[in-house]
Amino acid sequence: MTAVEHDADVIVVGAGPGGSATAYHLARHGVRVLLLEKTEFPREKVCGDGLTPRAVRQLIRMGVDTSPEAGWLHNRGLRVIGGGVRLELDWPDLASFPNYGLVRTRLDFDDLLARRAVESGAKLRTGVNVTGPVLGPDGRVTGVEAEVGPGKEPATFHAPLVVAADGVSGRFPLALGLAKREDRPIGVAVRRYYRSPAKHDDNYLESWLELRSKDSGDNLLPGYGWIFGLGDGRVNVGLGVLNSSSAFGKTNYRRLLTDWLANTPADWGMTDEANAEGPILGAALPMGFNRVPHYTRGVMLVGDSGGMVNPFNGEGIAYAMESGELAAEIAVQALARPAGADRERALAAYSTELKARFGGYYRLGGIFVKLIGRPEIMRMATKHGMPHPMLMRFVLKLLANLTDPRDGDAMDRVINAMTRVAPAV
């Protein structure tokens with residue numbers, strides 16, 4: 001049999017935050033990386049555009065300048081609104097994470113990360129739609145099939161390792177028979193941009209635990225909402241609904257968003273359709289490792305492709321970038337070994353390490369999702385929890401997964417202990 005010439009050491013499918021982070025860290029270690037993206041940059045993505053300190057840490061690890069002068073809007077923390085209380089919670093001061101968050105549209109953000117990967121040595125090809133895997137005689141993936149350019153010319157690329165970072169659709173892992181697990185939480189989010197001089201430069205991310213329309217009275221609308229200032233005269237406004245809610249899959253989410261915004265102050269600019277920029281767009285939030293295994297037959301799953309959105313707060317970017325860095329570290333070690341059992345043993349460590357890092361935490365998140373899906377529990381939690389700032393600071397650390405693993409305070413030790421004893425998903 002004639003040996004196939006490899007186009008790269010690793011092919012990364014998808015140049016979102018997870019794929020670009022993977023490519024960056026691989027290239028930094030001298031690995032030949034081919035990063036394949038089906039669209040052209042810059043391109044828009046449905047997202048809240050807000051980044052917690054967990055995501056900021058990953059940007060810093062990629063050498064990204066996160067200063068305001070570089071186009072980032074900094075925020076001090078989270079403003080929580082619910083139970084008749086408005087509470088501003090600063091991001092915690094920790095050794096492990098910076099004490100600020102960021103906001104930037106995905107139009108800029110994804111383009112910037114892809115360019116960082118290229119600057120580090122990765123080869124980026126856009127307009128390449130990966131359609132499926134190339135399988136060797138042993139069933140192991142040895143490359144990808146793709147359609148290239150507007151003419152959809154067929155092409156094949158080969159590499160001894162493939163990273164699937166193709167987002168929530170997960171078309172590549174689906175082609176390998178890796179379907180989403182129905183026993184894991186999932187959410188749906190919709191968002192829209194509005195011009196809002198009153199809210200655009202807010203130095204807190206704003207989270208609404210209770211949503212009401214003008215006509216709802218004491219009846220809560222399903223889901224949770226957010227308003228994130230972009231610093232350029234606009235805000236990103238959206239809401240999410242979890243599958244533990246009875247309204248999941250049975251609600252017009254776009255109508256739900258406009259019903260809620262109709263009840264906001266007029267000077268915020270979100271009650272006037274003339275202030276809207278673009279349509280209301282939606283996306284799914286795959287949570288709690290809802291596609292596994294994260295390594296199989298020469299393929300590593302990164303980010304949304306592996307269902308890595310945090311069930312507590314719907315954050316996906318930080319975990320996409322973290323899993324990308326981890327995938328790169330393990331791939332480097334594995335590729336230094338000869339192909340065969342020794343290399344496979346190293347690659348199998350990816351799934352093991354992901355479960356060790358996030359498995360217990362995501363298990364707790366799954367319980368949290370089931371609880372807050374019941375309106376009576378959500379109402380009781382906001383009524384009795386919101387008036388207590390100390391408790392809410394604990395909740396902020398838990399929901400944002402921001403603790404110091406060692407030498408942390410009492411809150412850190414409690415949260416870390418909870419995640420350790422929880423059985424991993």
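Residues are numbered from 1 along each chain as its sequence is written, and side-chain values use heavy atoms, with hydrogens and water left out. As the model is predicted, local features need pLDDT of at least 70 and side-chain atom pairs count only at pLDDT 80 or more, while totals for chains, interfaces and linings use all residues.

User: Over how many bridges do S10 and S11 pair?

Analyst: S9 (residues 128-135) and S10 (residues 141-148) pair in the antiparallel sense over 7 bridges, and valine 134 stands opposite glycine 143 in S10. On the S11 side, glutamate 147 stands opposite proline 154. S10 and S11 (residues 153-158) also pair in the antiparallel sense, and their bridges number 6.

User: Which residue in the turn between S10 and S11 has a positive phi?

Analyst: The hairpin of S9 and S10 has 5 residues between the strands, and glycine 139 takes a positive phi near 85 degrees there. The hairpin of S10 and S11 has 4 residues between its strands. In that turn, the residue with a positive phi, about 75 degrees, is glycine 149.

User: In the open sheet of S3, S7 and S4, what is the strand order?

Analyst: S3 (50-51) and S4 (73-75) are edge strands, each pairing on one side only. S4 and S7 (residues 101-103) pair in the antiparallel sense over 3 bridges, with leucine 73 opposite valine 103 in S7. The order of this open sheet of 3 strands is S3-S7-S4.

User: Are H6 and H7 roughly parallel or roughly antiparallel to each other?

Analyst: Axes are lines fitted to C-alpha atoms, for helices over the stretch in contact, and angles run from 0 to 180 degrees between N-to-C directions. H6 (residues 317-335) and H7 (residues 341-372) pack at about 155 degrees, with their axes 8 Å apart. Angles under 35 degrees count as roughly parallel, over 145 as roughly antiparallel, 65 to 115 as roughly perpendicular and the rest as oblique. H6 and H7 are therefore roughly antiparallel.

User: At roughly what angle do the axes of H1 and H6 cross?

Analyst: Contact means heavy atoms within 4.5 Å; residues of H1 that meet H6 include Ala21, His25 and Leu26, and those of H6 include Ala320, Met321 and Ala328. The axes of H1 (residues 17-28) and H6 come within 7 Å. The two helices are therefore roughly parallel. The crossing angle is roughly 30 degrees.

User: How far apart are the end C-alpha atoms of H3?

Analyst: The expected span of a helix is 1.5 Å times one less than its number of residues. H3 (residues 106-119) has 14 residues and should span 20 Å. Its end C-alpha atoms agree with that, at 19 Å.

User: Which residue just after H3 takes a positive phi?

Analyst: Buried means under 20% relative accessible area, exposed over 50%, partly exposed in between (1.4 Å probe, protein chains only). Among the buried residues of H3 are Arg106, Phe109, Leu112 and Leu113, and what covers the buried residues includes H1, S2 (33-37), S3, H2 (53-61), S8 (123-126) and H6. Just after H3, the residue with a positive phi, about 120 degrees, is glycine 121.

User: Which residue follows H9?

Analyst: H9 (residues 389-400) reaches 16 Å from its first C-alpha to its last, close to the 16 Å expected. Its buried residues include Met392, Phe394 and Lys397. With a positive phi near 55 degrees, the residue that follows H9 is asparagine 401.

User: Does lysine 199 count as buried or exposed?

Analyst: Lysine 199 is found in the loop between S13 (186-195) and S14 (204-208). Not counting residues up to four places away in sequence, lysine 199 touches Arg79, Glu206, Ile227, Gly229, Val235, Trp268 and Met270. At 7% relative accessibility, lysine 199 counts as buried.

Terms used
Pairing = 2+ DSSP bridges.
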